[in-house]
Amino acid sequence: MTGASVEVVDDAGLVRLAAGRGIPGQLAFEQLVDRHQQWLVRLLLHLLGNQSDAEDVGQEVFIRAFLAIENCRDGNRFRGWLRVIARRLAFNHRRDAKTRSQYEERSGLLANKSVAPASGQVEGRDLLKHTLGELSYPYREIMVLRFVEELPLKEIAAVLEVGESAAKMRLSRARAEFQRVFAKKGGTRGDS
Amino acid sequence: METRDKLESDWIHSVFEVLREEVVSIAADFGDRVKGEIDQVAASQGIRPPSAAALLAAVAVESGKIATDLVRGTSPKDDEQASKPNAGKPEVETKQAHSAPKQSRED
């Protein structure tokens with residue numbers, strides 16, 4: 001549904017309109033989609049490491065958000081609210097994909113499984129992506145939230161739905177693991 | 001409380017700069033696909049009422065059916081049969097159609 005315009009500029013106003021439902025609500029939510037789609041797909045791409053998965057999950061995130069928009073109590077923090085939904089769905093998607101691939105592996109369906117490049121074969125962005133790809137998912141997730149999304153610890157804890165001290169400990173371990181894998185792949189502190 | 005300065009002086013933060021600055025090109029029709037899905041969800045879950053255009057179209061169709069029936073002189077009972085592919089065929093076939101289970105009208 002497109003065509004009509006909704007004259008509300010900030011997220012809070014759009015969320016309020018969207019929660020009012022009806023056609024104006026739908027149009028307001030479509031504006032939120034326009035506003036946040038680029039950021040959302042980028043976040044999911046970094047979490048999942050795959051563009052197609054990121055778009056599939058991104059679509060699901062918007063639909064879930066649309067259905068539950070009444071639960072977004074602070075419209076000014078719509079992005080943060082969307083991030084929590086995205087994180088949950090990315091986690092589920094990854095878990096399902098992992099189960100699927102384990103099944104396929106056992107069935108011998110993954111004959112041409114890709115092999116990560118050996119140390120020294122990748123640089124810059126690829127080096128970083130390969131390093132992230134080797135981290136366990138909880139570590140990858142917290143590294144993305146901290147260093148790509150640049151969230152403070154308090155907000156990371158809220159997104160991960162854990163206490164602040166648990167988030168702090170996980171981040172510390174994730175950093176150490178990142179540093180170890182990054183160095184193993186030939187990365188140095190000067191690689192950026 | 002951690003500060004922005006602390007984050008920016010972190011060497012890992014500078015390593016991640018390449019990802020922060022990365023422009024991700026999403027599929028051109030991504031937004032339209034999302035909106036299409038939302039439209040379907042909204043309609044199917046009764047989140048929004050049918051659009052005015054859809055209501056007018058439905059009224060026009062019904063009015064057309066009524067007008068056709070009036071011209072033909074058929075009774076309201078035949079409404080459903082008139083819209084079926086074998087409507088207007090010889091009387092024998094129409095009677096066969098009448099013997100169809102009544103549930104079809106409720107469907």
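Let's start with Phe29(A), which counts as buried because its relative accessibility is 0%; buried here means under 20% relative accessible area, exposed over 50% and partly exposed in between, with a 1.4 Å probe and protein chains only. Phe78(A) counts as buried too, at 0% relative accessibility.

Before going on, a word on what you are looking at. This is a predicted model, in which local features need pLDDT of at least 70 and side-chain atom pairs count only at pLDDT 80 or more, while totals for chains, interfaces and linings use all residues. Residues are numbered from 1 along each chain as its sequence is written, chains are lettered from A and ligands numbered from 1 in the order in which they are written, and side-chain values use heavy atoms, leaving out hydrogens and water.

Back to our two rings. Rings of Phe, Tyr and Trp (its six-membered ring) pair if their centres lie within 6.5 Å; planes under 30 degrees apart count as stacked, over 60 as edge-to-face and the rest as tilted. Over all chains, this rule gives 9 aromatic pairs. In one of them, the ring centres of Phe29(A) and Phe78(A) are 6.5 Å apart and the planes stand at 85°, so the pair is edge-to-face. Phe29(A) sits in helix H2 of chain A and Phe78(A) in helix H4 (residues 78–106) of chain A, so the pair ties together parts that are 49 residues apart in sequence. Helices (H or I, at least four residues) and strands (E, at least two) are DSSP runs, numbered from the N terminus. Phe29(A) and Phe78(A) also belong to one aromatic cluster with Phe62(A), Phe66(A) and Trp81(A).

Now follow H2(A) to another partner. Helix H2 (residues 22–48) of chain A packs with H6(A) at an angle of about 145°, their axes 9 Å apart. Axes are lines fitted to C-alpha atoms, for helices over the stretch in contact, and angles run from 0 to 180 degrees between N-to-C directions. On the H2(A) side, the contact (heavy atoms within 4.5 Å) includes Leu43(A) and Leu47(A), and on the H6(A) side it includes Tyr137(A) and Glu141(A).

Is Glu141(A) buried or exposed? Glu141(A) is buried, because its relative accessible area is 1%. Apart from neighbours within four places in sequence, Glu141(A) is in contact with Leu47(A), Arg87(A), Leu160(A) and Arg170(A).

Finally, turn to chain B. This chain has 8 helices and 0 strands, and 24% of its 107 residues are buried.
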